[in-house]
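Grab a pencil and have a go at these exercises. Try each task yourself before you read the solution.

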Amino acid sequence: MFRTAPLLALAAALLATPCPAAHAALPPPPPGPLPAPVPYACVVDAWPWGCVADCGSGGRWHAETGNGFYGGLQFWQPTWVEYGGLAHAPRADLATREQQTEVAREALAVQGWSAWPACSRRYGLEGRMHTVRTGDTLSSVAARYRVEGGWRALYRANRETLGRRPDRLRPGTLLVIPAEAARGQDRVPAVSGPPPPPPNGTATRPSPR
């Protein structure tokens, strides 16, 4: 179940509390699903990716600690390559925040939030999601993922996020991809062999085989 709330109302509610740093059950600004209780600064920092980075790397988008995972979202290098990261930079930590997020969106549509297991559990994020881009329609998204039941089934899965106007998709909105939808063409990791253990269970991994 997802909910959204106006950002101004959210900010007003925060200012009414005595301690802005305290954890509270706060809805994120639209678009996006409702997270578990998290710090306000994390929720409004381009939800959900600001929170995933806060969890995985302490919000350090150029993190390179020598553990085999890079950047704010802690990409394993083959995952960075597999989802188009080399179009931006040799490694995730050398890319901008926006570029890292773009690659993460591609991984999210194929692997789902299981790519960030510990962080997704922390924020109550589940399943695969498509990030709406300019020009997207429910019909085009449903066709891309071969959603059984077409755009109507996709709308039912996202009714609370989209409201009564499924014809007006806002770029950046996260759409739940129904579990039975196709995952698209299989991808092959750029480097063979098993991945190293992820730090604190938060890093992205290659597509499961």
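**Exercise 1.** Leaving aside its neighbours within four places in sequence, which residues is tryptophan 113 in contact with?

*Solution.* Before we start, the ground rules: this is a predicted model, where local features need pLDDT of at least 70, side-chain atom pairs count only at pLDDT 80 or more, and totals for chains, interfaces and linings use all residues. Residues are numbered from 1 along each chain as its sequence is written, and side-chain values use heavy atoms, with hydrogens and water left out.

Step 1: look for contacts (heavy atoms within 4.5 Å). Step 2: write down the partners of tryptophan 113, which are Pro48, Trp49, Val52, Leu108, Ser120, Leu125, Glu126, Gly127 and Met129.

**Exercise 2.** Find the aromatic pairs and describe two of them.

*Solution.* Step 1: take the rings of Phe, Tyr and Trp (its six-membered ring) and pair those whose centres lie within 6.5 Å; planes under 30 degrees apart are stacked, over 60 edge-to-face, and the rest tilted. Searching the whole structure gives five pairs.

Step 2: phenylalanine 75 and tryptophan 80 sit 5.2 Å centre to centre with 65° between the planes, so this pair is edge-to-face. Tryptophan 113 and tryptophan 116 make a tilted pair, at 5.7 Å and 55°.

Step 3: ring pairs also link Trp49, Trp113 and Trp116 into a cluster.

**Exercise 3.** How many residues has the largest nonpolar core, and which have the most contacts inside it?

*Solution.* Step 1: a nonpolar core is a set of buried Ala, Val, Leu, Ile, Met, Phe, Trp, Tyr and Cys residues joined through side-chain atoms within 4.5 Å. Step 2: the largest one has 30 residues, and Trp49, Leu73, Trp113 and Trp116 have the most contacts inside it. Step 3: H3, H5, helix H6 (117-123) and strand S4 (174-176) each give two or more residues to this core. Apart from it lies another core of 15 residues, including Val132 and Leu169.

Terms used
Buried means under 20% relative accessible area, exposed over 50%, partly exposed in between (1.4 Å probe, protein chains only). Helices (H or I, at least four residues) and strands (E, at least two) are DSSP runs, numbered from the N terminus.
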